[in-house]
Amino acid sequence: MIDKKLVENVARLARLELSDNEKTKIQRDLSAILDYVTLLNEVEVSDVKPFYENTALFNVTRIDDIAIDSELTAQKIIEQFPREDNSYLKVKAIL
Amino acid sequence: MELHQFSIKQIHQHLLQKDFSAHELTEHYLGIIKKEESKIGAFLLVSDNLALEQADVIDEKINQGQEISWLAGAPCAIKDAILVEGQKCTAGSRILENYLAPYDATAVAKLKKQGAIILGKTNLDEFAMGSSTEHSAFQITRNPHDLARVPGGTSGGSASAVAANECVFALGSDTGGSIRQPASFCGVVGLKPTYGAVSRYGLIAHASSLDQIGPLAKTVEDCQIIFDAIKGKDEHDATSVEAENSSVNVDLKNVKIGIPKEYFGEGLEKETRSIIEGVIKKAEKAGAKIQEISLPHSKYALACYYLVSTSEASANLARFDGIKYGMSCEANDLAEVYLKSRGHGFGSEVKRRIMLGTFALSSGYYDAFYAKAQKVRTMIKQDFDKAFEQVDFIFTPVSPFPAFKIGEKIDDPLKMYLSDILTVPISLAGVPALSLPVGQDGHLPVGLQIISRPFNEKGIFQISQQLEKIL
């Protein structure tokens, strides 16, 4: 079911660079795991609703306001940027 | 009695009587850490200075005659997937090796407010994915009962730190058994609260519909004090709720305990079975009504879990992109930054799960895998709903076997996943469960899993404390 092409396609979707060795291993592991999960085919679910939430909460909202310590937190978050220019997050050009 | 043998309440009493200071107690624990860590490897970070500063604040309060909370001065450890402001938080991953937490997780903020002393951060499987703590990118943690064996996982650092007397208690997190299974392997008490009982704010997300923070400690009483301190609704976690605390006291004498036959089948080791059956007999002798029940969809839980949790994980871990924080590899264009940073930053188990989850959510496979698993999850939840119409508690083993050898399962992911077979159904249903040490297979601890209705943690604590006395 899982061939190398499928592994490469999923890796591209997941934005994961994999070595050839890793591809082979993941192909083998995913095949074994997917074989195991076909167990679920035994269960009749045509009338069953998919599971959504455990706590029966619905549309939890809050006021869109700024926390008092946000400037300090912002500074700490900026300090984590791998590449920064004058408090701006620097990324490679997209085009 | 040695300082590290005191419970949280005893520590509180002794601090008030000035038998010892919070500073002395903290130094005692730091001394044990210094002595034991080369063997155990539970900690990724020990923050001596910060801990002693926190202790001095408590001592000052006591000297001034101010009131202090139960947890004031109690030294603890925090799983390294939970943020402590200003400290590194790695989630056991290279991709976050140098990440500094910009704020406190709500559970940590609540502990700090009560005056608990944070000694450091404990080891885990990378992004809390594993069952043995061997998937940490940084180090192996050993089981204090047998150094050749794993402590369980993913909160293996927290469990072994408690078991090795390196702290009074620890916080862990549980997605499919990550508090209960290491608690069982290390012979300590561990609680996975009801989904929503404790805020997940500041817990690095693995699978958001399953993750819960909970306590690991030496006694049920300690666990309850910690749980009471960290639980409750939090505006930063929309799924957290303020649970009603039932005022009804439960007594082993008049409770109904369900024994699900599916949990005592193939794969359960003989000695583990006989220990658990022994406890059930003792509970019956104490007056509990024992009833065989069925949770018919149990055999599908593991397959369901590994589709649901990996799907959620693949979405949650998309944030580690080499752009905003964490490891970032040099590259020629933006796409290559993503590919290289994630390719180099994540370990093998995390990659495997991201791949499985991405596959289960991808076009053409979604209905057959993710959607199907979510429907099976509904049926697993209904099994528990029906069971709790008949019984008050469910008793099962936590793990089909005691702690296994380091390296024994590391090369076979499916074999490793099977370690979680008795804990994942509870996570899928979102109900609370506690791992209680009830015996030993040779020198290896065995835990009983006590499960109850949503938000009946108090009932679980009461039953567990009564069991502690008769074992």
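Modeller: One term before we start: a salt bridge here is a side-chain nitrogen of Lys or Arg within 4 Å of a carboxyl oxygen of Asp or Glu. And keep in mind that this is a predicted model.

Colleague: Fine. Which residue of chain A forms a salt bridge with K351(B)?
Modeller: E22(A) does. The closest N and O atoms are 2.6 Å apart.

Colleague: Where do E22(A) and K351(B) lie?
Modeller: E22(A) is in helix α2 of chain A, and K351(B) is in helix α11 (residues 348-361) of chain B, so the pair joins two chains.

Colleague: How many salt bridges are there between chain A and chain B?
Modeller: The count is 6. Over all chains, the whole structure has 27.

Colleague: And residue pairs in polar contact between chain A and chain B, how many?
Modeller: 17, with both residues at pLDDT 80 or more.

Colleague: Which elements of chain A give two or more residues to the side that touches chain B?
Modeller: α1 (4-13), α2 (20-37) and α3 (70-79) of chain A. α2(A) gives the most, with 11 residues.

Colleague: What is that side of chain A made of, by class?
Modeller: It has 33 nonpolar, 4 polar and 14 charged residues.

Colleague: How much area do chain A and chain B bury between them?
Modeller: About 5200 Å², 70% of it on carbon and sulfur atoms. In chain A, L40(A), F51(A) and Q80(A) lose the most area to chain B. Together they make up 13% of what that side buries.

Colleague: And in residues in contact, how many on each chain?
Modeller: 51 residues of chain A are in contact with 69 residues of chain B.

Colleague: Switching to the sheet in chain B. What is the strand order?
Modeller: β1-β3-β2-β4-β6-β5-β10-β11-β9-β7-β8. That is an open sheet of 11 strands with mixed pairing.

Colleague: Which strands stand at the edges?
Modeller: β1 (43-46) and β8 (289-293) of chain B. Each has a single partner strand, so one side of each is left without a neighbour in the sheet.

Colleague: By how many degrees are neighbouring strands turned against each other?
Modeller: 30° on average, direction ignored.

Colleague: Take β5(B) and β10(B). Parallel or antiparallel?
Modeller: Antiparallel. 3 bridges join β5 (residues 189-192) to β10 (residues 433-441) in chain B.

Colleague: Last one. Which strands does helix α3 of chain B lie across?
Modeller: β1 and β3 (117-122) of chain B. The helix covers residues 48-63 and runs at about 155° to β3(B).

Technical notes. Residues are numbered from 1 along each chain as its sequence is written. Chains are lettered from A and ligands numbered from 1 in the order in which they are written. Side-chain values use heavy atoms; hydrogens and water are left out. Contact means heavy atoms within 4.5 Å. Buried area is the accessible area (1.4 Å probe) that two parts lose on being put together, summed over both. A polar contact is a pair of N or O atoms within 3.5 Å; within protein, one must be able to donate a hydrogen and the other to accept it, and residues adjacent in sequence count only if both atoms are side-chain atoms. Helices (H or I, at least four residues) and strands (E, at least two) are DSSP runs, numbered from the N terminus. Ala, Val, Leu, Ile, Met, Phe, Trp, Tyr, Cys and Pro count as nonpolar, Asp, Glu, Lys and Arg as charged, and the others, Gly among them, as polar. Two strands pair if DSSP finds at least two bridges between them. Axes are lines fitted to C-alpha atoms, for helices over the stretch in contact, and angles run from 0 to 180 degrees between N-to-C directions.
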